[in-house]
Amino acid sequence: MKKFLEEFKEFALKGNVMDMAIGVIIGGAFTAIVTAFTDDFITPVISIFGGTEFGGKIPLPGPEGNAILWGDFVSAVVNFIIVALILFLMLKGMNKLMNLRKKEEEAEEEKEAEPTKEELLLTEIRDILKNK
């Protein structure tokens, strides 16, 4: 049991897990912002052009109060599309930055791998002295 707790502690306190937890919290807050944006801005604009009440529902036969809330569903789909698009753009940007950084590091490694003019000259002098 002690080993299990130690392993769990090591897992829980790793940087990746903490970063993921922060990401989930920020994601929840971001989703709330997107939901408010959709409900308060996009839905009314779509209603103007669509000519229908966007928050509508279709009553179902049977007990009163049963209905299909199609407006809520469409709002959820719009929220998902906005969140997915923004996440896609963020990941695309991050990948681009990571690739630029990787290319810079590779160029720096190549620069370091190439001998300088002084090193080449010293190597030639060494070789000449060896041959004498």
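How many salt bridges does a search of the whole structure find?

Author: Quick housekeeping before the count. This is a predicted model, where local features need pLDDT of at least 70 and side-chain atom pairs count only at pLDDT 80 or more, while totals for chains, interfaces and linings use all residues. Residues are numbered from 1 along each chain as its sequence is written, and side-chain values use heavy atoms, with hydrogens and water left out.

The search of the whole structure turns up 2 salt bridges (a side-chain nitrogen of Lys or Arg within 4 Å of a carboxyl oxygen of Asp or Glu). One of them joins Glu105 to Arg101, with 3.4 Å between the closest N and O atoms. Both residues sit in helix 3, 4 residues apart, which is about one turn of the helix. Helices here are DSSP runs of H or I with at least four residues, strands are runs of E with at least two, and numbering starts from the N terminus. Glu105 has a relative accessibility of 41%, so it counts as partly exposed; buried means under 20% relative accessible area, exposed over 50%, and partly exposed in between, using a 1.4 Å probe and protein chains only.

The other pairing links Asp127 with Arg126, and there the closest N and O atoms are 3.3 Å apart. Asp127 is partly exposed at 32%, and Arg126 is partly exposed too, at 45%. Helix 4 covers 117-131, and Lys132 is in the segment after it. Lys132 is exposed, since its relative accessibility is 79%. From Lys132 back to Met1 is 131 residues in sequence and 72 Å in space, C-alpha to C-alpha.

Now for helix 3 again, from the inside. The largest nonpolar core has 5 residues, namely Val34, Ile42, Val78, Ile82 and Val83 (a core is a set of buried Ala, Val, Leu, Ile, Met, Phe, Trp, Tyr and Cys residues joined through side-chain atoms within 4.5 Å). Helix 2 and helix 3 (70-113) are the elements giving two or more residues to this core, and helix 3 has the largest share, with 3 residues. As background, nonpolar side chains in soluble globular proteins tend to be buried together.

Val78 touches Thr38 and Ile42, if you skip residues up to four places away in sequence (contact means heavy atoms within 4.5 Å). Thr38 belongs to helix 2 (residues 15-50) and is buried, because its relative accessible area is 0%. Leaving out neighbours within four places in sequence, Thr38 has contacts that include Ser75, Val78, Asn79 and Ile82.

Phe37 and Phe41 are about one helical turn apart because they are 4 residues apart in helix 2. Phe37 is partly exposed at 40%, as is Phe41 at 48%.
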